[in-house]
Amino acid sequence: MTNGIESGRILLALTGMAPEFWIDELHKAAPGRPVTLAPDGEVDPSIHYAIVWKQTPGLLARLPNLKVIFSLGAGVDHVFGDPDLPDVPIVRVVSENLTRRMSEYVVWQVLDHHRLGPRYRAQQADRVWHEDRDQKAAADITVGIMGLGELGRDAAAKLRVMGFNVTGWSRTQKQVEGVTCHAGDDGLGPFLASADIFVVLLPLTPDTHEILNRDLFQKMSKRGALGAPVLINAGRGGLQNEADILAALDEGLLSAVSLDVFQQEPLDPASPFWSHPKVTLTPHAAAASNPSSLIAPMVRQMDAHERGEALINLVDRNAGY
Ligand code: NDP
Ligand code: OXD
C-alpha cells in the first residue's frame with residue numbers, strides 16, 4: 001500500500017532475456033509489490049504496470065487495468081513491434097549508468113579507429129613491425145554524432161574532452177556546447193560532409209529505418225583524415241542496410257565499421273560480419289547496465305504515479321521514440 005492506495009501488480013514480459021535476475025531486482029526494489037511473469041495471469045485486473053522487452057504482441061492489450069508500460073531499454077522500437085499496443089503512457093530508460101557505459105563504448109571505438117587499432121592488431125597477428133609516422137592528433141579528426149539525445153550529447157562531451165572536433169545531427173535543432181549542430185533533412189548533407197568518424201545513436205523509427213545505406217555513405221566526406229569514413233553503430237540494427245555496409249567496405253566507401261547492433265540478433269554464425277577484416281563487432285553490449293540502476297527508478301515512478309505525480313522520461317508516440 002502507498003498512502004492507503006493499493007500498490008498495482010507488475011507484469012514482467014520479456015523475450016530473449018532470463019527473467020529471474022529482474023524478478024530478484026524487483027523484489028529488492030519493491031518488496032511489497034506483487035510481480036507476475038508473462039504469460040501467466042495476463043488478464044489479471046490487478047496488473048497496473050508492465051515492464052517489457054519485446055513483449056509478445058497482443059499480450060498487453062489483454063490487461064484491462066494497465067496504467068503504464070515501462071520499456072526495459074532506452075530504445076522503444078521493441079515495444080512498438082506490437083500492433084495491438086494499448087494507449088497508455090510508455091516510459092523509457094534514461095539512466096546515468098547506461099549513459100556513461102554508452103559513452104565508454106563510443107570513446108573506446110572512436111579511439112580504436114583513430115589510433116589505428118585494427119591495423120596494429122592485424123600486424124601483430126602477422127608479426128609485422130611497421131612504425132607509422134602518420135598518426136593524426138584528435139584535433140585533426142571530426143566525429144559526427146547521429147542523434148543528439150541523452151546518449152549522443154554525453155558522448156559528444158566526452159569526445160570533446162579528448163580533443164576531437166564534434167558535429168551532430170538530430171531531428172530538431174539543438175544547441176550543444178562545443179558541437180556544431182545540424183538538424184533535419186536540410187542539415188543531413190552538410191553534417192555528412194563534415195566528419196571522418198560517424199557514431200550512430202539514433203532510435204529506430206519509420207523515419208530512420210535503414211538510414212545507414214549506400215546513398216548515405218556516398219554523401220559522407222571523402223576528405224577523411226582516416227582515408228575513408230568510419231561508421232560506428234550502437235543505435236539499432238534496423239538502422240542499417242547490412243548488404244550496403246558490406247559492399248561499401250569492400251569498395252572502400254567506408255574504411256571500417258564498429259557494429260554493436262544487427263538486424264537479426266543474435267547474429268547468425270554464418271554472417272560475413274564475424275570474419276570481415278574491417279568489422280569490429282560486439283554483441284549488443286555497448287551499454288549493458290546494472291539491473292538495479294534500471295529497476296529502482298521504475299519502481300520509484302510507480303510509487304510517484306500512485307501518489308498522483310507526473311511520469312517522466314515518457315515516449316512521444318507520434319515521434320516513435
Ligand atoms: P533520445 O530519444 O534521447 O535521442 C534520440 C536522438 O535521435 C535525438 O537527438 C533525436 O532528435 C534524434 N532523432 C530521432 N529521430 C530522428 C530523425 N528522424 N532524424 C534525425 N534525428 C533523429 O535517445 P537516447 O539517446 O536515449 O538513445 C538513442 C538510441 O540508442 C535508443 O533509441 C536505442 O535504440 C539505442 N541504445 C542502444 C544501446 C545499446 O546497448 N546498443 C543501449 C541504449 C540505447 P531530437 O533531439 O530532435 O528529438
Ligand atoms: C536499450 C538497449 O535500448 O540496451 O537500452 O538496447
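**View 1. Who sits around ligand 2 in this predicted model.** A residue counts as near a molecule if one of its heavy atoms lies within 4 Å of it.

**View 2. Zooming in on the oxygen atoms of ligand 2.** Which side chain puts an N or O atom 2.6 Å from an oxygen atom of ligand 2? That one belongs to His284. On its own, ligand 2 would expose 210 Å², and the protein buries 79% of that.

**View 3. An open sheet of 5 strands.** Read across the sheet and the order goes β2-β1-β3-β4-β5, with parallel pairing. Strands in a sheet pair through backbone hydrogen bonds. Here β2 (35-37) and β5 (90-91) are at the edges with a single partner strand each, so one side of each has no neighbour in the sheet. Now look at β1 (residues 9-14) and β3 (residues 47-53): these two pair in parallel over 6 bridges. One pair to spot is Leu12 with its bridge partner in β3, Ile51.

**View 4. Helices on the sheet.** Helix α1 (residues 19-29) packs on the sheet and touches β1, β2 and β3. Its direction makes about 160° with that of β1. Helix α9 (residues 291-306) lies across β1, β3, β4 (68-71) and β5, and runs at about 155° to β3.

Conventions
Residues are numbered from 1 along each chain as its sequence is written. Chains are lettered from A and ligands numbered from 1 in the order in which they are written. This is a predicted model: local features need pLDDT of at least 70, side-chain atom pairs count only at pLDDT 80 or more; totals for chains, interfaces and linings use all residues. Side-chain values use heavy atoms; hydrogens and water are left out. A polar contact is a pair of N or O atoms within 3.5 Å; within protein, one must be able to donate a hydrogen and the other to accept it, and residues adjacent in sequence count only if both atoms are side-chain atoms. Accessible areas come from the Shrake-Rupley method with a 1.4 Å probe; for residues, only the protein chains shown count as cover. Two strands pair if DSSP finds at least two bridges between them. Helices (H or I, at least four residues) and strands (E, at least two) are DSSP runs, numbered from the N terminus. Contact means heavy atoms within 4.5 Å. Axes are lines fitted to C-alpha atoms, for helices over the stretch in contact, and angles run from 0 to 180 degrees between N-to-C directions.
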